Amino acid sequence: MLKSKFMRTTVIVAAAFVATAATANTYGPYPITLQGYEGDRTNSVSYNGQIARHVLHDSLKKLAGRGDGGANAAELEAQMLSYFNGSDEDLPIIAPAGSDEFPVMQSMVGEISGGKNMSGKFYNGAMPAWPGNMSGVQVMEHMISNAAAANGGFDAENGFDWGQLISKFTLGAMPYSQAVDNYLDEKLDADNKPNDGPYSDGAAYTGKEHVWDEAFGYFGTPAHTIGLTADQVYGIAKGRDLAAADANGDGVVDLRSEMVFGPAYYAAGADRSGNTNYLPTITQAFIDGRELITSAEGVALTDEQRNELRGYASTIEENWERVIAEAIFKYAGSVYNDINALQEAGEDNAEIYRNYVKHWGELKGFTMAIQSGRNNLGATAVEMNTLVGFGPVTLDNSYVTGLDADGNFTRDRRMAWSDYQLNMLKVQELMVSAFGVEARAKDQLAELEALAGALDAAASAETD
């Protein structure tokens, strides 16, 4: 079953690349096809709201590191919640802010799109990967509250990097969840936002045009991605490749169409391995799907057209899911390596421990992200949550096991470093078996057999 899924993805991907030569290499502009439209717009593409939410996410992540350990907690929490829940006042763009070498056009979120929030588009199903039996929104509110009370977003005692946890969970719970479990799912149904009418009153685009555009916006890649390398896209995300970003040559980066955000950044990061093509595959599927909708010229899509569209949607979803799995694989390897470094460092380990907590936050956030999509991961999610835990093994070998009646983290169990390292290798093994990851950054699987054997031998010796 699993093998056939990956084979199907490969076939669809190959078809997308064959189509590339005959289709446009940018996402838009696309003509107005809405019948009866009498406005002055000439381009039907619109996904500014999704870009605004990416900016809200980037800014929230930055704010998560601005706590002073308690004195500014209430003020900071209110500020963070204004980016999560929205605000009656326009909010400054904290990130990406740009620089002299990489100037950004917009400085306020409202310059991209007004009245937007994250919470209304956030995954709100159960999130068993976090203690407390909370929904996705409740988990984020809990994280925000803890980040505001922390010093620099770092909880050394429990092993939490709040900025990383907030960011990586959000990358699944908002853009991924919205794209694959909303716009590319039920909104592709014939009677949901049909193509022979406007998306909403006064719109310049049809229902299906805007549905597809919004999904593309959540992927967070520049409209001209197909003409860029993975290294260039990665450089844009890092704010250091203006030439690659500035598609229209006006000397500034327009966040609405020229910037790289989280999902596309991680796709490019995986592709830099040379083993994958997630970014062009996903982007081309978006382009091909949009061209199919545009070709309908404002009439309802036929069943055949919608089936073809769902094929592109399937390509997007399967590859996007594997991008998240690649990140889980990578950060499990980083945590494994950090534990080696901690053991070698002895007591002089503060910097290494900080990196370890950062990498664990990225790992944990992505394990939550991948559980925010359309697919019920079932036993895979249970195993992943068990291996990673609610918190990392800390310096005294304890780890978070839950919350007490007052909402404080409890750490009433201990684990040896070597046992937790084995867990990380099993996470990597799970990403290969369940998702077929191929980039495999920080691959430590060669150590699995030896470490498992050593732990088994030690356990046998203790019982002799």
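## The lining of the largest cavity

The lining of the largest cavity divides into seven nonpolar residues, no polar and no charged (nonpolar: Ala, Val, Leu, Ile, Met, Phe, Trp, Tyr, Cys and Pro; charged: Asp, Glu, Lys and Arg; polar: the others, Gly among them). The residues are Leu171, Pro263, Tyr266, Trp320, Val323, Ile324 and Phe366. Helix α11 (303–345) gives the most, with three residues (helices are DSSP runs of H or I, at least four residues, numbered from the N terminus).

A cavity here is a set of points on a 1 Å grid over the protein atoms alone where a 1.4 Å probe fits but cannot get out, and lining residues have an atom within 4 Å of a point. The largest cavity holds about 50 Å³.

## How the model was read

This is a predicted model: local features need pLDDT of at least 70, side-chain atom pairs count only at pLDDT 80 or more, and totals for chains, interfaces and linings use all residues. Residues are numbered from 1 along each chain as its sequence is written, and side-chain values use heavy atoms, with hydrogens and water left out.

## Salt bridges

The count comes to 14 salt bridges (a side-chain nitrogen of Lys or Arg within 4 Å of a carboxyl oxygen of Asp or Glu). In one of them, Lys168 meets Glu362 at 3.9 Å, N to O. Lys168 lies in α5 and Glu362 in α12, so this pair ties together parts 194 residues apart in sequence. Both Lys168 and Glu362 are buried (under 20% relative accessible area, with a 1.4 Å probe and protein chains only).

Asp213 and Arg290 also form a salt bridge, with their closest N and O atoms 2.7 Å apart. This pair links helix α6 to helix α10.

Conventions
On a 1 Å grid over the protein atoms alone, a cavity is a set of points where a 1.4 Å probe fits but cannot get out, and a pocket is an open set with protein on both sides within 12 Å along at least five of seven lines; lining residues have an atom within 4 Å of a point. Grid points are joined across faces, edges and corners, and a volume is the space filled by probe spheres set on the points. Helices (H or I, at least four residues) and strands (E, at least two) are DSSP runs, numbered from the N terminus. Buried means under 20% relative accessible area, exposed over 50%, partly exposed in between (1.4 Å probe, protein chains only).
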